[in-house]
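I opened this notebook to record what I looked up, entry by entry, beginning with the sheets and moving on to the helices, the surface and the charged pairs.

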Amino acid sequence: MPKPNMFIVHVSDAVASARFYADLFDMAPDFETPRFIAFDLGGGVQLAFWSGAADVPPPGSRRTGEVCLALPGGPGAIDAQFRSWCAKGVEVVVEPHDEVFGRTFVVADPDGNLLRVAPVD
């Protein structure tokens with residue numbers, strides 16, 4: 001059975017959002033148009049940013065979905081990632097804390113889309 005292979009994040013400016021995510025994740029896009037930019041995550045999976053869709057929530061509204069970066073290395077790795085992203089000026093939504101699944105925090109991109117960092121399960 002086919003599996004999802006592209007995750008699309010709706011943004012107000014695809015180029016600006018791609019720069020934001022490229023900086024956070026230290027990666028370069030593999031497909032670019034003025035309103036749609038995709039990053040290869042490996043294994044045939046892509047993360048894409050799309051601007052201009054008519055049915056997108058307005059910029060600044062909080063979305064219910066999250067992009068998650070699952071890190072190995074325990075709580076120390078989570079806290080180090082938090083410090084690294086804070087140095088880049090990200091908007092912190094939820095400070096690092098311990099949850100039932102481990103240490104985690106949440107930041108927002110310029111459109112209010114949420115990014116969670118959590119431990120690898």
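Entry 1: I began with β3 and strand β4 (residues 45–50), which pair in the antiparallel sense over six bridges. For this I took two strands as paired if DSSP finds at least two bridges between them, and I took helices (H or I, at least four residues) and strands (E, at least two) as DSSP runs numbered from the N terminus. The model is a predicted one, in which local features need pLDDT of at least 70 and side-chain atom pairs count only at pLDDT 80 or more, while totals for chains, interfaces and linings use all residues. Residues are numbered from 1 along each chain as its sequence is written, and side-chain values use heavy atoms, with hydrogens and water left out.

Within this pair I noted that A38 has A48 as its bridge partner in β4, and that F36 has W50 as its bridge partner there. The two strands form a hairpin with two residues between them, and G43 in that turn has a positive phi of about 65 degrees. E32 stands opposite I37 in β3, and a hairpin of three residues joins β2 to β3.

**Entry 2: the sheet that holds them.** In what order do the strands of this open sheet lie? I read the order as β1-β4-β3-β2, four strands with mixed pairing. β1 and β2 stand at the edges with a single partner strand each, so one side of each is left without a neighbour in the sheet. Helix α1 (residues 14–25) lies across β3 and β4, running at about 25 degrees to β3; axes here are lines fitted to C-alpha atoms, for helices over the stretch in contact (heavy atoms within 4.5 Å), and angles run from 0 to 180 degrees between N-to-C directions.

Entry 3: Strand β7 (residues 102–108) and strand β8 (residues 114–119) run antiparallel and are joined by four bridges, and in β8 the bridge partner of V107 is L115.

Entry 4: Is S17 buried or exposed? S17, which has its place in helix α1, is buried, with a relative accessible area of 2%; buried means under 20%, exposed over 50%, and partly exposed in between (1.4 Å probe, protein chains only). Leaving out residues up to four places away in sequence, S17 touches V11, F49 and D111.

**Entry 5: charged pairs.** I count four salt bridges, a salt bridge being a side-chain nitrogen of Lys or Arg within 4 Å of a carboxyl oxygen of Asp or Glu. In one of them the side chains of E66 and R116 meet at 2.8 Å, N to O. This pair links distant parts of the chain, with E66 in strand β5 and R116 in strand β8, 50 residues apart. E66 counts as partly exposed at 39% relative accessibility.

D79 forms a salt bridge with R103, the closest N and O atoms being 2.9 Å apart. Here too distant parts of the chain are linked, D79 in helix α2 and R103 in strand β7, 24 residues apart. D98 also forms a salt bridge with R103, with the closest N and O atoms 3.4 Å apart, and I noted that D79, D98 and R103 are linked in a network of salt bridges. As to accessibility, R103 counts as buried at 19%, D79 is partly exposed at 21%, and D98 counts as exposed at 56%.
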